[in-house]
Amino acid sequence: MLPDIPESLLGILHEIGEVGGEQAYLVGGSVRDLLLKRPTFDIDIVVEGDAIRLAEEMQKRWNGTLQEHQQFGTATVTPANPSQPKVDFVTARCETYQNPGTLPKVERGTITEDLQRRDFSINALAMRLDSTNFGAVIDKTDGLDDLKTGTVRVLHNQSYTDDPTRIFRACRYAGRYNFHIADVDMLLIAEAIPLLAQLSGERIRNEIDRVLLEDNAPPIVQELAQFGVYEAIFPGWEILPAFLYDFQTAQQAISWASKHIIDEDFEPNILRWIALFGMSKSQEEQIYQIEALCFRLVLEHQLRRIGHDTQVLKQENTHKKTVRSVFEKLGLALSKSASVEYYNGKWCIVDAENRLTYVYNNRKIFKVQTPLTAYRQLLPILDSLTETTSPSKIYQRLKPFPLEALVLAYSDINLSQVQRKNVGDYLCTLRKIQPLITGDDLIQWGEKPGKTFETILWNLFSAQLDNKINSKSEANSYFQQLKEAANLNEYR
């Protein structure tokens, strides 16, 4: 079967076939998407033999750049012509899994072995590139039939236990192409769900990141929830019913930011994760759980030290019981239901009864700080701002929050018009205003740095925001009034 190959890609594949001959194959998602007549962006070439040598030859032909990974037998070529896609070259390999959930042992192999190591039949397809057989599809696992019937199916019964991240990918492909997961796979997934708890936070986070980038993310997220994926990753983690609305709001916010938040540090993925954790005011008490999940999944966070127990614990080796005793001796009594789990080389303590999350390591106790809780913390602040709140007060209350949370609030139609207007005023106007007066100006006016220095600077900037001063001369006059008032209060 000859896939319908776009002209822009056809020439590249013919060139690779001319050089690589019978040893070079287009594989995986590239073939799948061509057969489905969908755009394909990842050009993956598997080579029986030396993939790096072929990549070096193509780099010369295309006058491009080459990135090699000798230890993996892979290379990427980026052609000099910007209209041509980059191409990944991989040496054909076979894989064996020593234990469930662990990374596989990789060795060189044949194209057949390379296809059989893949996750799903629809991804285990290859297309020949040699001139004699160009366009012929190699299908060793009935992938073509599964494409016709819209079926997502693994290649063997141990596939999900070998690599539980395939559970995410099964749901992702089903959601992306409007396919269904094979009945047998549904049972295999159910058996493999408990193994998700053994995966590293980075591997889980990377898979969820890919889900959230899908155009059809909400139903994929919900199908994963029906399998019990989130509860297996972290007990008590639920996807809220409002996720569809929250995700749509996040996407609208990202679209708005792409046009209005320019040349600034803005991370769209933070908005998607905030939506996944939930934006509802009724869930404000779950902030502790978001903190725990950010630590578990290695999402953006910092650990703020709040104490240590060098006086109460001398031994370096700790386990669940000693961690609990440390908290008790420090007066941070945990509820009986508090969980103590070892993640990322540290102990994570989640006390749902007291709505607290701690991290414990090397006789030190930390609290988790993350921008992913910022939206929940922003909501009560917005409730305190009214239609008559001064611009300086709006600036002062909103400045500590990350842009992502503020952009999300501006797009959230569940908030009042006044709340959204206040956020919009800050995002579009107030935060861009530069102070008329700097510390150097104050020093020139005779003010010495000290405890009141910053207060005076803020009072001047506050007056500027509230349109009470509009020039340095007006600021100087206002400064003199502040000094006179301060002297009078001191005299009294």
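Aromatic rings pair up 18 times in this structure, which is a predicted model. One of these pairs is F234 with Y343, a tilted arrangement with 6.5 Å from centre to centre and 35 degrees between the planes. This pair links distant parts of the chain, 109 residues apart: F234 is in the loop between α11 and α12, while Y343 belongs to strand β13. F234 counts as buried, at 5% relative accessibility, and Y343 is buried too, with a relative accessible area of 13%.

Another pair brings W445 together with F479; the ring centres are 5.3 Å apart and the planes meet at 40 degrees, so this pair is tilted. W445 sits in the loop between α20 and α21 and F479 in helix α22, so parts that are 34 residues apart in sequence get tied together.

Elsewhere, K367 places its charged end over the ring of Y358, at 5.3 Å from the centre.

Now for the strands. Strand β4 covers residues 74–78, and four of its five residues are buried. On one side, β4 runs antiparallel to β3, with five bridges joining the two, and A75 of β4 stands opposite E68. Four residues lie between the strands of this hairpin, and G73 takes a positive phi near 70 degrees. β4 is also antiparallel to β5, through four bridges, with T76 partnered by D88 of β5.

Note on methods:
Residues are numbered from 1 along each chain as its sequence is written. This is a predicted model: local features need pLDDT of at least 70, side-chain atom pairs count only at pLDDT 80 or more; totals for chains, interfaces and linings use all residues. Side-chain values use heavy atoms; hydrogens and water are left out. Buried means under 20% relative accessible area, exposed over 50%, partly exposed in between (1.4 Å probe, protein chains only). Two strands pair if DSSP finds at least two bridges between them. Rings of Phe, Tyr and Trp (its six-membered ring) pair if their centres lie within 6.5 Å; planes under 30 degrees apart count as stacked, over 60 as edge-to-face and the rest as tilted. A charge sits over a ring if NZ of Lys or CZ of Arg is within 6 Å of the ring centre and within 35 degrees of the ring normal.
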